[in-house]
Amino acid sequence: MVLKSGETSVSTSGSTEAGAPGQRLRHGKLGVFAIVFFVIAAVAPLGSIVGGAPVVFAAIGVTAPMAYLAVGVLFAVFAAGFVVMSRHVTNAAGFVAFIAKGLGARFGGALAAVAVLGYVALVCGLWAITAGIAESTMLGFGLAVPGWVWWIVGLVIVTTLCAVGIDVSLRVLGVLVVLEICTLLFLAIVVIAGGGATGSFDLASFNPTNVVPSGVGIAILFAATCYAGFEATVVFSEEAKNPRRTIPRAAYLAIAVIGIFYAFITWVLANAWGAGEVQAAAQADPVGFVFAVAATYGPSWLPGALGVIMLVSSMAMFIGFHNLLSRYLFSLGRSGMLPAALARTSKSGTPRVAVLGFSAVVFVVVGGFIVFGADLMTVIYPWLTSLGTVALVLVLLFTCVAIVAYFAGKGAADATVWHTRIAPVLAGIGFLVILLLAVVNYDALLGGSGGVARWLILLIPVAFVAGLWRAGQQRRAGRELVFDDSPV
């Protein structure tokens, strides 16, 4: 078959075109703010502040806001090359499509396996800690229900919303994300109104001389997890309105909102405790760190409300991730990397088979840990999120390499050397540093659990080899993997 520019087909007898009926997402559906909502939802602002900010404060003290800004700058530099590359690749496979375009389909297949492993591990870990928090929170209201019950209920709700379609998901997502942001802003307002620990607010958080060098690695790692949903900006590109404009705008807006918002909220928390007390407070009681601020400065109902709203709004995070991953699996099924059944869509363009497939994987993984008696918060969460973090940073690193490789020797008429060379190289160095920090500090990421958990990191090279083998298998069978521009 002869393809015109911009068309894509899986070159295999009996296979279907990437754009064949039943294998197409709904084009022109999502605008800039819709995609940004998906990114922010995956970030889970309230949950990240309650669960992640205390770790950053414990590591580097009052300068925690600088960690969020530093990682934001790194992603902004990365976005310079990412935005240009997104004009040449429009595919729901996200960064994997970039890697395949720059480094070849086989390498794309290998990193696709690593990306799927990373996202599955990350989402399963997040489901575990959310279930654990739900159990303890509801116990405070007199409901003694095991965490795994709350997990199953939540999984059913999220799966249903994602399977119904992007329209319903987006409406629910918008309400929950706004609820999260408003809750954190209300907390900030009551702290500011209360004058903070000293009666006035200072800028000690942004003074580099206050940084605790020994904790920078851990702080940067945890701050980086707050950008885990950034790939949604390209994963949803097939469904975007005018991708060439929508994706760049969504990318930069998402980075700005996440970086500035997190820096602002953590700056308020730093002043709530005081520069001299905030690190010790975070180290002494990381779980109650934010709730103590709410109890001190806010009305009596605020701490309890924070817990409930965090649980409710966590559904936004899972709606975001499940929609993102279902499209990932859809694209991999369409390319030939995974079973073709995953590439089936409903009449509305929803990849329902992929939605159900991803939820089934989550059910098996988390359910398997629970059956063998693993604790939701002290085992499943740290083990799987640590694995997911390392895997996804590796994918980001190779995305930078792929961007440089793709534009090497030919450049781009719509970009400068900054976009195609300098920015990707600088971002790649930054992600390499984060990757090394993650590996060196892997025990800290695991929460000190060590033991068997350390060996889980070997699943990353195993996934890489498995993906490489699968891509090679397809090639030997005369079915070349296709991670190219989808017909739009």
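The model is predicted: local features need pLDDT of at least 70, side-chain atom pairs count only at pLDDT 80 or more, and totals for chains, interfaces and linings use all residues. Residues are numbered from 1 along each chain as its sequence is written, and side-chain values use heavy atoms, with hydrogens and water left out.

**Overall organisation**

- The chain has 20 helices and zero strands; both are DSSP runs numbered from the N terminus, helices being H or I of at least four residues and strands E of at least two.
- Of its 488 residues, 58% count as buried.
- Contacts (heavy atoms within 4.5 Å) between residues at least 6 apart in sequence join residues at least 24 apart in 82% of cases.
- A search of the whole structure finds zero disulfides, a disulfide being a pair of cysteine sulfur atoms within 2.5 Å.
- Among the cysteines, Cys 162 counts as buried at 1% relative accessibility, whereas Cys 182 counts as partly exposed at 44%.

- Leaving aside neighbours within four places in sequence, Phe 431 is in contact with Leu 74, Phe 75, Phe 78, Val 393, Leu 396, Leu 397 and Cys 400.

**Aromatic pairs**

- There are 24 aromatic pairs, counted where rings of Phe, Tyr and Trp (its six-membered ring) have centres within 6.5 Å; planes under 30 degrees apart are stacked, over 60 edge-to-face and the rest tilted.
- The rings of Phe 107 and Phe 464 have centres 5.5 Å apart and planes at 75°, so this pair is edge-to-face.
- The pair links distant parts of the chain, with Phe 107 in helix 6 and Phe 464 in helix 20 (residues 459-476), 357 residues apart.
- Both partners are partly exposed: Phe 107 at 24% relative accessibility and Phe 464 at 23%.
- Ring pairs also link Phe 75, Phe 78, Phe 82, Phe 95, Phe 98, Tyr 227 and Phe 431 into a cluster.

- His 322 lies in helix 14 (residues 302-335) and is buried, with a relative accessible area of 2%.
- A polar contact of 3.4 Å joins the side chains of His 322 and Ser 359; the term denotes a pair of N or O atoms within 3.5 Å where, within protein, one must be able to donate a hydrogen and the other to accept it, and residues adjacent in sequence count only if both atoms are side-chain atoms.
- Not counting residues up to four places away in sequence, His 322 touches Val 123, Trp 127, Leu 155, Val 158, Cys 162, Phe 358, Ser 359 and Val 362.
- Ser 326 is also placed in helix 14 and counts as buried at 0% relative accessibility.
- The side chain of Ser 326 makes a polar contact of 3.3 Å with the side chain of Arg 327.
- With residues up to four places away in sequence not counted, Ser 326 touches Pro 351, Ala 354 and Val 355.

**Helix 3 and helix 11**

- Helix 3 (residues 53-60) is mostly covered, with seven of its eight residues buried, namely Ala 53, Pro 54, Val 56, Phe 57, Ala 58, Ala 59 and Ile 60.
- The cover over these buried residues includes helix 2 (45-51), helix 4 (64-86), helix 9 (216-224), helix 11, helix 12 (278-284) and helix 13 (289-297).
- Just after helix 3, Gly 61 takes a positive phi of about 70°.
- Ile 260, in helix 11 (residues 243-273), is exposed, with a relative accessible area of 57%.
- The C-alpha atoms of Ile 260 and Leu 69 are separated by 7.0 Å, although the two residues are 191 apart along the chain.

Note on methods:
Buried < 20%, exposed > 50% of the residue type's maximum accessible area, 1.4 Å probe, protein only.
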